[in-house]
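Keep the chain in view as you read.

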Amino acid sequence: MSSISITGLSKSFGATAVLRSVDLDIEHGEFLTLLGPSGCGKTTLLRIIAGLEFPDSGELRIGGASVLATEAKDRNLAMVFQSYALYQHLTVRQNIALPLRMRRLTRLQRMAARWLPSRDTRRVEAEIETAVQRVAAALQIDHLLERRPPQLSGGQRQRVALGRGMVREPGVFLLDEPLSNLDAQLRIAMRLELAELHRRLGSTFVFVTHDQEEAMTMSDRIAVMAVGRVAQVGTPSELYDDPVSLEVARFVGTPQINSIAAAIDADGMLVIEGQPLCRVDPSRQLADQAVTLAVRPEGLRLGRMGASNSLDATVIAVENLGPESLVNLRLDNGALLVARHFKESGAPPQRNERVTLGLEAGDALLFDAAGQRVRPPAVSGLVLAYA
Ligand code: ATP
């Protein structure tokens, strides 16, 4: 079994605390992505799992057993880097075969393999060749086995790097931004291939990226990291629909979630631009507090002007994406928002048009002044009217 359990893991480089008591459980066979901005500690965490870096404190278990004292080569995992780290002077066949040859043949056997192989060495070499063929066929690079890395495209090199990991049949695959060197089209194709490969192998995949779209499309679950902490772990939809903090809400989803500075008054009314709009906090647990109202672009409804308790905005640009348009808006207080307008709801509003914003309670997320999610009970119906 290749579950991974991380408890209280901390790591500093000099005075810089890079990981701060990270807790994370990754299930056997799961595709888990570590997602977060540059410098938040994703690679460091992956390197600790790999055994290439050591934590200052905490525990790491793979398949239930503590592995901090186990060397990288004995952890039954494969790591694929952004740079691929292929040997340029070796053919694709030799690159893929290398981990098995290192593992299964002694130095003497490897040296003798070319001139005077023993029967035993020939048998092992034949088994390795079978494994290389199988992996190359699965990755559709069997026609490239005689080429060297400089003669391959980025996508092909990436597959060779994966092949070199797969050939050992590891329980865990650790992938550090393996798609970031590819062009946009190939990246999308490789996303599908990686997700398919994961399904076929049934191994545990831990994937590092700062690209939320990559994370959302491939992962069973995502751990969003921020400054050395895991801010939230959940399925892509849990993170999108139910973020625990504004930080997570903003990191997941394109275009970014809209956030509007607001306040709750003494009566539990939501106040934006000084205008009490509707009661969102009947229990008054947030009375007299500054909050942020956040709403995804598809949760914002655009209507004609004129509703009584409405929030009005001006259309500043409309981006036509075919099946939908992104309507960019400016509130009268200067805040910029974006609304998704689907083709089936008719023509989108025009630039410079004034519109009324509306949203349902279910689409409105409230965050306190520290950016933590607040969930006042009994919010229902419309938060903002739309006409
Ligand atoms: P990126 O997406 O840019 O790769 P990351 O989230 O993977 O970022 P890490 O590579 O884990 O981040 O680095 C986290 C922090 O630790 C950074 O501030 C980095 O400069 C620092 N760091 C990483 N390795 C070392 C090291 N060997 N010595 C000193 N500082 C380091």
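**From a cis proline into the sheets**

Pro255 is found in the loop between helix H9 (246-251) and strand S11. The peptide bond that joins Thr254 and Pro255 is cis, with omega about -10°. This is a predicted model, in which local features need pLDDT of at least 70, side-chain atom pairs count only at pLDDT 80 or more, and totals for chains, interfaces and linings use all residues. Residues are numbered from 1 along each chain as its sequence is written, and side-chain values use heavy atoms, leaving out hydrogens and water.

Follow the chain into strand S11 (residues 258-264). One face is covered: Asn258, Ile260, Ala262 and Ile264. The uncovered face holds Ser259, Ala261 and Ala263. In a regular strand, side chains alternate between the two faces of the sheet.

What does S11 pair with? Strand S14 (residues 289-295) runs antiparallel to S11, joined by seven bridges. Two strands pair if DSSP finds at least two bridges between them. Ala262 stands opposite Val291 in S14. Strand S12 (residues 269-272) is also antiparallel to S11, with two bridges. There, Ala263 faces Val271. S11 and S12 form a hairpin with four residues between them. Gly268 sits in that turn, with a positive phi of about 80°.

Most residues other than glycine have a negative phi, and most peptide bonds are trans. Glu273 is not a glycine, yet its phi is positive, about 50°. Glu273 lies in the loop between S12 and strand S13 (275-279). Glu273 counts as partly exposed because its relative accessibility is 33%; buried means under 20% relative accessible area, exposed over 50%, and partly exposed in between (1.4 Å probe, protein chains only). Asn352 has a positive phi too, near 75°. Its loop runs between strand S18 (336-342) and strand S19 (354-360). At 55% relative accessibility, Asn352 is exposed.

Four of them form an open sheet in the order S2-S1-S4-S5, paired antiparallel. Strand S2 (16-26) and strand S5 (65-66) are the edges, each pairing on one side only. Strand S1 (residues 4-13) meets strand S4 (residues 57-62) over five bridges. Ser5 stands opposite Arg61 in S4.

Next come the salt bridges. The count is 17, where a salt bridge is a side-chain nitrogen of Lys or Arg within 4 Å of a carboxyl oxygen of Asp or Glu. Glu146 and Arg93 form one of these, at 2.0 Å from N to O. Glu146 lies in the loop between helix H4 (119-138) and helix H5 (154-166) and Arg93 in helix H2 (residues 92-104), so the pair ties together parts 53 residues apart in sequence. Glu146 is exposed at 56%, whereas Arg93 is partly exposed at 21%. Arg93, Glu129 and Glu146 are linked in a network of salt bridges.

Another salt bridge joins Arg340 and Glu298, at 3.2 Å from N to O. Arg340 is in strand S18 and Glu298 in the loop between S14 and strand S15 (301-303), 42 residues apart. Arg340 is buried at 16% relative accessibility, and Glu298 is partly exposed at 30%.
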